[in-house]
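Subject: Structure handover

Hello,

Here is the structure for you to look through. My notes on it follow below.

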Amino acid sequence: MAPRCIASITVLCACLLGCKDSTIHCTVPGQVECGGRCVDISSDRRHCGGCRIECTDGQTCTDGRCTPCEEVCERGEARCISETQYRVCGDPDEDGCLDWMMALTCPGDRICREGRCVLPCTDDCSAGERDCLGNAWRQCGQHDLDLCLDWSQPQPCGDGEVCRDGECRAGRGWFGLAGSEFRPHDQRAGTGSASGGGLSHNFSDSLTPRVAVDPDRRPVVVWADGEGIRAIRWNGVAWEGLGCVGQGREPSLALDGEGMPVVAWRDGDYEIHVHRFDGASWEEFGGEAPGGVSCSEGMSLSPSLALGLDGSPVVAWSEQLKVSPGDFEIYLRRFAGSSWDELDGSASGTGVSDMPGLWSNSPSLAIDASGNPVLAWEEENVIQGYSEIYVRAFDGNSWTMLGDGVTHNRVFSRAPSLVLDAAGSPVVAWSDVEPGHFEIYARRWNGSDWEELAGSGSAGGISDTACDSVGASLHSGADGVLAVAWQERLEQRPHAYKDHDALDNEIYFRRFSGAGWEELAGSGSGGGLSDNRGLSGGSCLALGGDGATFVVWHDASGSVATTYPNEIFLRRFDGAAWQELGDSGAGSVSDDDGSSRYPSLGMDREGRAVLAWQDDSAGETEIFVRYWDGSAWIELGGSASGGGISEDEDHSLSPVAGIDGAGRPVVAWTNEELAYPYHGSILLRRWDGSSWEELGGSGAAGGLTPADGYAGHPCLAFDSSGEPAIAWDDLGDVYLLRYDGASWVELGGSASGLSRDGQASSPSLAIGPDDAPVLAWRHYDPSAEYQHQIYLRRWSGSTWEELGGSASATGLSGDRGPAFAPKVVLEGGFPSVAWEDGTDVLVVRWNGASWEDLGSPTRGGEMSPRNGESRYALAVDSAGMPTVAWEEIGSGQAEICLRRFDGEGWEELDASASGGCVSHSAAGSFNPSMAAGFGMLCLSWSEMGRSSHDIVLRCHEF
């Protein structure tokens, strides 16, 4: 037997090989010897709780027991534990679960950031920030191997999109800023629905409005004006135009199951038509036909429209019978899918009314729960001098008279309005002269008789006033509530906007509570819900779900109806008060009762804008200013009221506006003294955040100009430090001063160093990035063939120099005819110059060696006649292109049109030089001013208002 050792026992061997003690002594508490080494059986997963007791994969040894392990990180994950050290996620104990491994050190001068060893860097932007680069967007994030934030590669916007605030948006074309514009013909709802020009906002007489409410409580309004039947819709944010329905008068409106408007009207040939809006255009039911629905030889008048249960239109009207020219009957037809059918002789013979020899008119139509029509009308006995209200219902086979008349009092009962209440019972409202003047009455059919509702059919009826109440519009809401609106002819009282008295018509409203007829927030007394002391009439009412209440009417507020036309107004009851829908301004930046003319628009690269104009609302011509703060046009220290920023007893004229390098508005103007000898001076003020300050005496007394001259035509520019420079003409000389932060300094030792021959006028100033002013002006040479030329000089730093013969001989205009009103802009330091030649605007551009002829943006049109005022504006748009806006004679009136140079020729921007151009208004548009900044081109002008002028503005995004 071979010798061996037994633990803890020493055996004496009888051989020469010797023997060692195999005992291992584990000195660490908790450890035991297993397989010749010491292990902790409380945590060793191969000897868990005892030697050779091994835990399986996914288990760890805890307190001597095999338990499932937990992963504390993800494979490949790394984390920093100090400025230069990091750990990586792995399986250091080989238990099958991920854990943090031993610390590692970054090499060289690298540092640990988010578990990575990187070179030190700085952020270029803020996380998540987005901006535009040209017409492409980019976003801030980690886009390279370092961990600092930087910009992604630009992502171009698609066709028809523009980049704005880091996002690609659908091109908006020309738009206004917070009520700054009169809308075009098909979008005239841009202002407050119950102020200014209301919804129609044009110079035609807008009459017979109708309103309906879709399931989303959004109203649709139609009316008739000199251009035809107009339709608009509230989209929840603004009014959108639905175009012209057709040419004619007396519209009637309904909404189909899809919320699309259907309109009936009579045309100029006195025929009845019905059209439906399909989301893009108006289409006629049954196809276009010369005679429309009526297609008769007599006159067809006063259509009333309703839709059947299947959405098919039913229309009633007053038809003149050929056999008896004084005999009108009520006709009715229903659309049957491909043709217009009558119901039991309803559109032939004596029609529905069936009262030969009398004048049947003013039909009002409703559809009952079975889809059958119910019809009310006024039957007038012209010979005996009274009229009655009648109602017939169709039962599917024949027409039945409901009672022997609703009124039956042999006085004048006028213009019925019919609805069906929640139970399907007909209810009729009308105006009646029984107590000696007109009041509003209503009665309901109870199956056998016409009953009144809480005194609605006797005494003073619903209105019960001392004045005439006419034009009832009755409606039954989805909740079954009955309500009526009407016109109240109040007594004469001082007119709000005129010195004389005028008849004051207001719109009143009451709602049936079940016990009586109540007003809502003063709607049935005082000034009613119109409350404007104007001539308000033709009201129409609509009730939506959840008590939504809308009233629309025509109004000549602020004027006498025989002098100025009506507009369409609307108010909505919000549960507490009657409110407008849309901007409550007057649809202009000026927004006052005065005549606002000659706007000047300034804008910087950050999109800040200032607009100055001359205004006579205070009784004298003053300079008014408003500033665009990103959401509204605001005054700065009373700058658009009272005496504005000029506030003196003289005439303040011809403002020019801009924004300096610190974002402060700067405005200069001509101050014309009224006392003899007449004197004109140039004044300038800058907004310092709390007041309009002068700069070196620029805002008072003689301002910047000599005391014995007559200064005019100021123009303004800013140098690279943001300080203003100003040029003007004075008795045939051109002057220029630049502000250095403390005082006004000349260039070249003489403020008139540009011309000293008494033949210069109308300067235009621009300053390039090299701080070199460029000045263009009109030069007069009585010996030349064309006595006026355009001259230009640029400041070289020591002298005023010409560019390619720009200030000698015939200058820039050459032999191309007379030249007036020059304007200069700079693109990349090179000037572009425009001027008028009497019929067009001509443009040239300096390419560094010679002058290039860019042609005329106005060719093909007809500019408005010269009146001594500038008729165009020149700017470099946000894309760096010369852009010209001008007055053009359209259909008998001036519009503001625009074209930009695209490198090869002059192009429009969204129909800016066709149709109604940019202004596209119903009156004259004059004196354009233009500026660009922050991806946007804005154009302002003076718009002929109802009795004066207003300043309006539209912008275009790039």
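In these notes, buried means under 20% relative accessible area, exposed means over 50%, and partly exposed is in between (1.4 Å probe, protein chains only). This is a predicted model: local features need pLDDT of at least 70, side-chain atom pairs count only at pLDDT 80 or more, and totals for chains, interfaces and linings use all residues. Residues are numbered from 1 along each chain as its sequence is written, and side-chain values use heavy atoms, with hydrogens and water left out.

Aromatic rings

Rings of Phe, Tyr and Trp (its six-membered ring) pair if their centres lie within 6.5 Å; planes under 30 degrees apart are stacked, over 60 edge-to-face, and the rest tilted. That rule gives 22 aromatic pairs. One of them is the tilted pair of Phe-335 and Trp-340, with 5.2 Å centre to centre and 55° between the planes. Phe-335 and Trp-340 are both buried. Another tilted pair joins Phe-394 and Trp-399, at 5.1 Å centre to centre and 50° between the planes; these two residues are buried as well. Phe-285, Phe-335 and Trp-340 are linked by ring pairs into a cluster.

Strand S28

Strands (E, at least two residues) are DSSP runs, numbered from the N terminus, and two strands pair if DSSP finds at least two bridges between them. Strand S28 covers residues 328–335, and seven of its eight residues are buried, so the rest of the structure largely encloses it. S28 runs antiparallel to S27 (residues 313–320), joined by seven bridges, and Val-315 stands opposite Arg-333. With S29 (residues 340–341), S28 is also antiparallel, through two bridges; here Arg-334 stands opposite Asp-341. Four residues lie between the strands in the hairpin of S28 and S29, where Gly-337 has a positive phi near 105°.

Charges over rings

A charge sits over a ring if NZ of Lys or CZ of Arg is within 6 Å of the ring centre and within 35 degrees of the ring normal. The charged end of Arg-130 is over the ring of Trp-137, 4.2 Å from its centre. Arg-597 lies over the face of Tyr-598, 5.0 Å from the ring centre.

Nonpolar cores

A nonpolar core is a set of buried Ala, Val, Leu, Ile, Met, Phe, Trp, Tyr and Cys residues joined through side-chain atoms within 4.5 Å. The largest has 33 residues, and those touching the most other members are Leu-792, Leu-812, Val-833, Trp-835, Trp-851, Tyr-872 and Val-884. Apart from that core lies another of 17 residues, including Val-427, Ala-442, Leu-482 and Trp-517.

Regards
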